[in-house]
Amino acid sequence: MPKDKEKIEKLAGEVLNLSRNTLAIHLRFLDRAVSMLQLQNLPDLRGMKVNGSTIFYDPVRVLQDYKEERSRVPRAYLHMILHCVYQHYWTSAQVDQDCWDLACDIAVEDTISALALPALQTRRAQQQKEVLDGLRSQVRYLTADMLYRYFINADLSPEDISRLRALFGTDAHGDWYKEEDPQKRPHKKEGGGKNKEDPDQESQSDGSSGESSDEDEEEDNQDEDPDDIPLSPPGGGGKKRLQDWKDTARQMKMDLESFSKGKGDAAGSLLQNLQSVTREKYDYRAFLKKFAALGERMKINQDEFDYIFYTYGLKLYGKMPLIEPLEYKETKQIREFVIAIDTSGSTAGDLVQTFLQKTYNILKQEESFGRRFNLHIIQCDADIQTDIKISNQNEFDRCMEHMQLRGMGGTDFRPVFNYVDELIEKKEFTNLKGLIYFTDGYGIFPPRQPAYKTAFVYIEEGYENPQVPPWAIKLVLQPEDIGEI
């Protein structure tokens, strides 16, 4: 019996090495990714799984799959490599595991199908095609984050999840959701995904790639999104390994941008996923600070307060200190500001209101917004539609309660800049520091740089890179980023 076991393990290892060589030969841009994963047999696994540095496999199951369908093993190998390249393993504590499992597996299988390699074609791939075609009519790009958002809103039944999991699942994902210290895991939201009783069962899948953004200490407890709290996976999935996979994804993206020119749609799905995981993550609070100006406000300046002289005076003269703390402090504040809204037709009203509310919540923070301020919210398509002036919280609340989008014509950015220049001439603004233009489209830019900082905030449901003039600041956010500001 030991000899049989040794023979099985040896044959399974040869099959996996052959699969790895097949991928390296046919997909040269995967050279680095293939070499990053070690192989280790785990006889009781009843399937396969990957932890960021090692592929674990059941030798008996590998040989069974290879005997039934030779292409199944290299396809499973590539499936797990792509989970790592797309960084599905590094996920958030609050993710709906069922939906993220499914989203990740479908994104990976769609990529493999799009590559159309004969060595990776399986019978199951033909069954997947109908589902993938249906999803493309509902989801713009079949990336994990967009599929996850779609499945969350679709409210899939357990039967639907089981059916799709059986069709797309390949490896076990239980390790994706383990923490080094379970006590640190935030409380799971009601209605979220269920934890799997046996995460290592075959044909199970999990994942959602979430990244947290660093913020100033003063803002640590404001507008936190529990989905941005990262896990620290055990085994080979630490921060260094994550960075290695990020570097690998960037390199693959660069290689594919040349490779895909002559390949049509073959590399399209792969590029879309790589663009998704390599796009920059933005700290919107830090971004808004670009528009602040120095000013004094009534507040004890602890940084310049000398405790030695203060306490010495109290000791020497009783209740009279030698020096009092400064009663003012220099801070960067936003006093005059313009938010322009593109109402050309494609910007959703709910998204606009969420953007305005989150932006104002940041600006009104004690250290960011002066007590007296002059905020103009301008709606414009090809012409100015409305201009609402806001100077306090009550006015802003009324604006949000009764605000309606007007316009729905073409997109032209120039009228806003002309209008703001007129307001400056009329002394409506005395020291305007900035204008943010919230848009999801492409319009006509002014020919000259304005006298104030300007930023265009784009809402993209894809991963394109809109161009702006050299003098403008560009910020590209996804719809889910707006909800997490």
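Student: Lysine 427, buried or exposed?

Tutor: Lysine 427 counts as exposed, at 64% relative accessibility. Buried means under 20% relative accessible area and exposed over 50%, with partly exposed in between (1.4 Å probe, protein chains only).

Student: What sort of model is this?

Tutor: This is a predicted model, in which local features need pLDDT of at least 70 and side-chain atom pairs count only at pLDDT 80 or more, while totals for chains, interfaces and linings use all residues. Residues are numbered from 1 along each chain as its sequence is written, and side-chain values use heavy atoms, with hydrogens and water left out.

Student: Back to lysine 427. Where does it lie?

Tutor: Lysine 427 is in the loop between α15 (414-425) and β8. Helices (H or I, at least four residues) and strands (E, at least two) are DSSP runs, numbered from the N terminus. The phi of lysine 427 is positive, near 70°, in a residue other than glycine.

Student: And aspartate 155, what about its phi?

Tutor: Aspartate 155 is not a glycine, yet has a positive phi of about 55°. The loop between α7 (144-154) and α8 holds aspartate 155, which counts as exposed at 67% relative accessibility.

Student: Zooming out, how many helices and strands in the protein?

Tutor: There are 16 helices and 10 strands. Of the 485 residues in the protein, 49% are buried.

Student: What share of the contacts comes from residues 24 or more positions apart?

Tutor: Those account for 73% of the contacts with a separation of 6 or more. Contact means heavy atoms within 4.5 Å.

Student: Which residues touch the most other members of the largest nonpolar core?

Tutor: Leu30, Leu78, Ile81, Val85, Trp100 and Leu147, out of 66 residues in that core. Helix α5 (residues 97-115) supplies the largest share of this core, 10 residues. A nonpolar core is a set of buried Ala, Val, Leu, Ile, Met, Phe, Trp, Tyr and Cys residues joined through side-chain atoms within 4.5 Å. There is also a second, separate core of 27 residues, including Leu288, Leu375, Met403 and Val457.

Student: What is valine 85 in contact with, leaving aside neighbours within four places in sequence?

Tutor: Valine 85 then contacts Ala33, Trp245, Ala249, Met252, Leu274 and Val277.

Student: OK, helix packing. What angle do α5 and α8 make?

Tutor: About 35°, with the axes of α5 and helix α8 (residues 158-168) 10 Å apart. Axes are lines fitted to C-alpha atoms, for helices over the stretch in contact, and angles run from 0 to 180 degrees between N-to-C directions.

Student: Which residues make the contact?

Tutor: From α5, Asp98, Leu102, Asp105, Ile106 and Glu109; from α8, Ile161, Leu164, Arg165 and Phe168. By class, that contact has five nonpolar, no polar and four charged residues. Ala, Val, Leu, Ile, Met, Phe, Trp, Tyr, Cys and Pro count as nonpolar, Asp, Glu, Lys and Arg as charged, and the others, Gly among them, as polar.

Student: Which residues of α8 are buried?

Tutor: Ile161, Leu164, Arg165, Leu167 and Phe168. They cover an arc of only 165° around the axis, so they sit on the same side of α8. The arc is that of the directions from the helix axis to the C-beta atoms. Pro158, Glu159 and Ala166 are exposed on the other side of α8. The cover over the buried residues of α8 includes α4 (72-85), α5 and α6 (123-136).

Student: How do the axes of α5 and α10 cross?

Tutor: At roughly 145°, with the axes of α5 and helix α10 (residues 268-278) coming within 7 Å. Ala107, Asp110, Thr111 and Ala114 in α5 meet Ser269, Leu270 and Asn273 in α10. Three of the residues in this contact are nonpolar, three polar and one charged.

Student: Last one. Where is leucine 435?

Tutor: Leucine 435 is in strand β8 (residues 434-439) and is buried, with a relative accessible area of 0%. The C-alpha atoms of leucine 435 and lysine 453 are 6.3 Å apart, and the two residues are 18 apart in sequence. Beyond its neighbours within four places in sequence, leucine 435 has contacts that include Phe291, Phe337, Val416 and Tyr452.
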